[in-house]
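Hi everyone, thanks for coming. Please have a look at the structure on the screen, and then I'll walk you through it.

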Amino acid sequence: MSHLAVELLESAVDQQGQLPLFKPPPRPPAEGGARFKFIDLFAGIGGFRLGLEAAGGECVYSCEWDRWAQVTYRAWFGENPVGDIREVKAESIPDHDVLAAGFPCQPFSIAGVSKKKSLGREHGFRDRAQGTLFFEIIRIIEAKRPPAIILENVKNLLSHDRGRTWEVIRGALEDLDYKVFPSVIDAASWVPQHRERIFVVGFDRRVFGDNPPYEAPTPPREAPPTLASILDPNPDPRYTLSKHLWKYLQDYAKKHRDLGHGFGFGLADLNGVTRTLSARYYKDGSEILIPQAGRNPRRLTPREAARLMGFPDKLEIAVSDTQAYKQFGNAVVPLVVAAVARRIVPVLAWQVARSGNGCLLKRPPSVAS
Ligand SMILES: C[S@@+](CC[C@H](N)C(=O)[O-])C[C@H]1O[C@@H](n2cnc3c(N)ncnc32)[C@H](O)[C@@H]1O
């Protein structure tokens with residue numbers, strides 16, 4: 001397959017199933033032979049898991065309550081994640097080196113906020129159902145004190161509520177004595193999709209001190225695969241837009257253009273990158289439409305959506321098209337996670353070398369919770 005990103009991930013996954021793409025740092029492995037142990041909170045379909053495994057990690061716990069995401073997670077990793085995080089007792093979570101969490105973004109995303117506003121609902125932390133889930137992460141960090149954390153969310157998290165949301169998040173982590181490194185990364189350097197996300201990496205100051213030598217990853221030297229290279233040559237005709245839907249999308253775009261708004265469908269450039277795949281893609285697919293000679297444009301097939309996110313073809317899609325689009329649109333790009341994780345691992349190794357501790361999981365009791 002010509003899809004470089006998929007190949008990269010597949011070659012990583014292929015090796016012993018535990019993905020040692022990462023060049024081992026000079027340190028003894030953590031218990032069980034993995035280079036580090038991590039937990040996968042708000043796991044979705046395991047985008048974090050694939051990326052962290054590619055960097056030499058071993059998943060010791062997962063939590064995800066959506067029934068269909070659980071189906072996919074079970075099919076891919078042979079494990080059923082624990083359900084509602086609000087019910088999880090922190091003591092039931094195994095010790096780990098890295099806590100990973102891509103917490104729900106709707107309360108903070110531009111589209112989510114405007115939808116909630118139009119429905120007269122609260123957004124951000126005032127969204128009672130989803131806005132407070134970040135504090136579940138804080139609760140678990142406080143109890144378990146993982147040496148390192150990696151959180152992911154929409155870029156708008158930084159500017160939401162005039163920066164106050166981000167200040168609360170940063171403040172909560174700093175209050176727990178974590179040194180925080182936020183960086184916005186566009187997955188377009190790894191996959192043919194413009195997808196800017198904030199990655200918040202944190203290190204426990206009580207373990208690493210004030211200046212852990214972390215730097216956000218830089219884009220790979222190789223160009224990402226083109227959109228054309230991940231498309232199916234003969235997609236099922238059912239993905240072609242009906243005459244009715246195509247007319248509706250064109251009329252809708254014209255109406256908004258006339259009003260001076262930029263809303264509308266996105267006809268993808270096969271040699272460029274697409275717009276961001278969203279969890280709403282299943283509705284009309286309008287944000288990413290593939291032009292077709294002599295026919296109406298079509299939406300991506302679920303497999304193409306998977307590739308656009310960098311999920312390898314060997315992972316079978318075990319759910320309906322609707323669920324698959326939702327799951328990929330919600331996911332994190334594993335290749336970006338792997339790039340971030342490969343910058344975290346040397347910091348873990350640096351700390352081990354510095355302290356002579358041997359293994360982070362065996363850190364002294366004064367440092368553990
Ligand atoms: C942004 S998605 C994370 C996607 C994930 N990073 C991936 O790669 O697939 C947030 C996830 O949090 C889950 N979630 C929301 N509330 C939850 C809760 N109370 N307990 C557990 N999971 C929850 C949602 O079902 C959703 O899958």
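One term before we start: a residue is called buried if 20 or more other C-beta atoms lie within 10 Å of its own, exposed if 12 or fewer, and partly exposed in between, with C-beta atoms placed from the backbone. What you see is a predicted model, where local features need pLDDT of at least 70, side-chain atom pairs count only at pLDDT 80 or more, and totals for chains, interfaces and linings use all residues. Residues are numbered from 1 along each chain as its sequence is written.

Now the overview. The protein has 369 residues, and 44% of them are buried. It has 12 helices and 8 strands; these are DSSP runs numbered from the N terminus, helices being H or I with at least four residues and strands E with at least two.

Next, the largest nonpolar core, with 86 residues. By that I mean a set of buried Ala, Val, Leu, Ile, Met, Phe, Trp, Tyr and Cys residues joined through C-beta atoms within 7 Å. Among the members touching the most others are Val98, Ala100 and Met309. Helix α12 (residues 334–355) gives the largest share, 12 residues. Domain 1 (4–223 + 328–362) and domain 2 (228–314) both contribute, so the core lies between them; the bounds come from an automatic or database domain assignment.

Let's stay with Ala100. Beyond its neighbours within four places in sequence, its contacts (C-beta atoms, placed from the backbone, within 7 Å) include Phe38, Leu41 and Ile150.

Technical notes
Two residues are in contact if their C-beta atoms, placed from the backbone, lie within 7 Å.
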